[in-house]
Amino acid sequence: MRNFLRIGQGTDVIPLLAAISRKPELWTADTYLRDYPQGPFGEVDSIILRFPVKSVKESEEEGAKHFSEYDQHECIDQPAYALLPEARPLIMGLMSYVGGTRLGRVMINRIKPGGVIFPHKDTPVHAEYWSRHHLCLQAEPGVVFRCEDESVFMRPGETWYFDNALEHEVINNSGTDRISMVIDVRCA
Amino acid sequence: MITVMLESFEERLPELLPLLPLHYEELALNKDKVPLAPQYEIYIERERRGELMFMVVRDAGELIGYFIGFVAPGLHYKTCMTLIMDIFYVHPDHRGNSTGGKLFKAVEVEAKKRGVQRMFVGSKCHLDASFLFEKLGYERCEVTYTHWLGD
């Protein structure tokens, strides 16, 4: 297996899941990813904990101008991060474990049964700078996480690194919501 | 939705158990004399040695089909990594919609990753699946006979 690496298992994710269950309104508080034009997350609910300054630009020129004025890698805490303190030790534990030097995007994504994250590659400048991790919070057999020609089932409590520069997709062919926390870490 | 994925036989055995009697009822020979009694521990042991392939078909999370095969250098041909099918099954409700084809395509992809050069599959005469294998480009190569010798 070259595109995935399971780097942890047995993490207690129940306190975070319980907190999310107590605050279901967080799933619809920020629909930036779901609504992103032609993005791969049209069937996904997200709770965005950390993210860069959000913007949708109409043209490449507008995008280039935006990035010339901002450090596109700089991520800031979003309101949901303060509302889910149960997430912080999990994130900081990963930062410590992998020797992270900077914390990037953190999002909790929910794919309903039958839903997909459509096949896509993350932008090269992003995938090159950050290491992408998934901490699985809830999943049952039938969830297929494919990265190029490899597929894995990420069990709840497992943390995985994968190469998001390659084409990847997630198919939830189970009978239960699949919930995973995406954590981008800059490593030395 | 149908998905096919490599899974762990040892982990998924409890899910597999309800399908085995259906499979046995439909395909086994001499059922009046030979009960279903798999040696699960041998499958698990071979999986732990990296010699077993357990490919699973699911629909909305439900396990509705599977392929089990053994991967090892050929006993007669040690230079040839070989996949020998043990069993495969697709629930009757899911036949006729390319599920079998998807299953064997996934088996081939995984086999290639493991360095398999040649694979052998088979079909019962009383429930012939030759059409599936011939559609996938496999060659007919052998006929197996059985003869009950007594209790």
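Across the interface of chain B and chain A, 7 residue pairs are in polar contact, both residues at pLDDT 80 or more (N or O atoms within 3.5 Å, one able to donate a hydrogen and the other to accept it; residues adjacent in sequence count only if both atoms are side-chain atoms). On the side of chain B that touches chain A, two or more residues each come from strand S1 (2-6), helix H1 (9-16) and strand S2 (52-59) of chain B, where helices have at least four residues and strands at least two in DSSP runs. That side divides into 4 nonpolar, 2 polar and 7 charged residues. The model is predicted, with local features needing pLDDT of at least 70 and side-chain atom pairs pLDDT 80 or more, while totals for chains, interfaces and linings use all residues. Residues are numbered from 1 along each chain, and side-chain values use heavy atoms, without hydrogens and water.

In this interface, 13 residues of chain B contact 16 residues of chain A (heavy atoms within 4.5 Å). There is 1 salt bridge between the chains, in which Arg155(A) and Glu11(B) meet at 2.6 Å, N to O (side-chain nitrogen of Lys or Arg within 4 Å of a carboxyl oxygen of Asp or Glu).

Definitions and conventions. Chains are lettered from A and ligands numbered from 1 in the order in which they are written. Ala, Val, Leu, Ile, Met, Phe, Trp, Tyr, Cys and Pro count as nonpolar, Asp, Glu, Lys and Arg as charged, and the others, Gly among them, as polar.
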